[in-house]
Amino acid sequence: MSLSDTARSKKLKRDLPMVQTRTYSLLPVLAAICYPLLLDLFHAAIGPPEAQLSASGILAATLILACVLAVPALGVFFAARTSASTSARRLAFACVAAPTIYVFLGVLQAMAGSALPDELVWCVFWLAVGVWTWSRPGTQPDGQPKANIARWRITHGITGAIVFIYVGFHIINHLFGLIGPQAHAEVMDLGRKIYRAPLVEPLLVALMLFQATSGLYLAWRWSASPLDFHKTFQVASGVYLSMFIVGHMNSVFLYARTVRHIPTDWAFATGAPTGLIHDAWNIRLVPHYLLGVFLVLAHLGSGLRTVLIAHGFTRIAANRAWIGCTLAGAVIAIAILIGMCGGRIAAL
Ligand code: HEM
């Protein structure tokens, strides 16, 4: 073996683990690419409206829905890996938002009158993102975010508390769907007197967009370094919500009210007349809304945990507060989706 052969084999031994690590970090992208396929399987397992689901059919649909939700969960898992490079961590955070980005993409495609299937555009998008990330050299963590994001964090927290006045009402409003569309509409009509007032609505939209952009900026800064589980969850939920807010504003204000001139009421939210789960397009709204409601409450819990620790509460007490918000988020999100899919309290 010549000297240059030895040097080459040493370099190969050095580079191979790096290439393997970078390839491994593409797993969340692979999961994101499969996301529409999993939704199609979920839709097929549910079957047409007239089909009576057997016990095994319900089990199959539940398992497939768990796989659908495993896509963002895998993103959180990969983002939490301490060995991940900065670009791999950011890619994993982006994959967490796959359910809401897929809805956004579908609405943009409809607005553009595109004949291309959403699945095709989706695959090309994630392949491009994956190749771009893979080809980037693995950047080293640059330590904790600099102190100069402290003001952004405080401002983001304060505006978050303000917009939660609306979001809290909005979530309670959707819970009224469990009583029926009429009850939902009555509560919404009451709320609209305030949040649709000429001065309030533009302010609300501006605050929501500020929340989304400042959240993305903070996520970008935090994701430059390895994070513990709680911080990873806070950043992941924030990335999801930022994309959710931008897509949701686009659906309500541009797609429905400006382009299609349709009322943004119960029928719009639940994809009437076919509904959420029996329509091949609408089915994507199930994980999108489920995670939107769950993560907004869990993200609030993450913020509350940080504030409690900063004010001298024990970590155990702060963690309990976070767990409480997260569990409440899960229960409320499931209840809202049951109502949106036709479940009624009177029928229970
Ligand atoms: C099940 C989940 C959700 C559904 C079905 C839903 C549906 C809707 C509908 C139908 C509207 C139009 C309201 C109207 O015309 O008065 C709306 C508006 C809005 N939603 Fe949601 N939403 C959900 C969750 C969320 C979440 C989690 C947020 C915040 C992170 C949010 C933020 C907003 C905002 C800011 C508006 C605009 C209010 C306005 O009309 O001025 N939504 N949503």
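Modeller: Ala, Val, Leu, Ile, Met, Phe, Trp, Tyr, Cys and Pro count as nonpolar, Asp, Glu, Lys and Arg as charged, and the others, Gly among them, as polar. On that basis the shell around the ligand divides into 15 nonpolar, five polar and three charged residues. Please note that the model is predicted.

Colleague: Which residues of the shell are closest to the ligand?

Modeller: The ligand is surrounded by 23 residues, and the closest are Thr264, Ala269, Tyr289, Gly292 and Val296. Two or more residues each come from α7, α8, α9, α10, α11 and α12. The largest share, five residues, is that of α10.

Colleague: Why is Ala219 called partly exposed?

Modeller: Ala219 has 19 other C-beta atoms within 10 Å. A residue is buried at 20 or more and exposed at 12 or fewer; the value of 19 lies in between, and therefore Ala219 is partly exposed.

Colleague: What makes Phe93 a contact of Ala219?

Modeller: Two residues are in contact if their C-beta atoms lie within 7 Å. Ala219, in helix α9, touches Phe93, Val235, Gly238 and Val239, leaving aside residues up to four places away in sequence.

Colleague: Which residues have the most contacts inside the largest nonpolar core?

Modeller: They are Ala32, Cys95, Ala236 and Tyr240, in a core of 67 residues. Helix α12 supplies the largest share of this core, twelve residues.

Technical notes: Residues are numbered from 1 along each chain as its sequence is written. This is a predicted model: local features need pLDDT of at least 70, side-chain atom pairs count only at pLDDT 80 or more; totals for chains, interfaces and linings use all residues. A residue is near a molecule or strand if its C-beta atom, placed from the backbone, lies within 6 Å of it. Helices (H or I, at least four residues) and strands (E, at least two) are DSSP runs, numbered from the N terminus. A nonpolar core is a set of buried Ala, Val, Leu, Ile, Met, Phe, Trp, Tyr and Cys residues joined through C-beta atoms within 7 Å.
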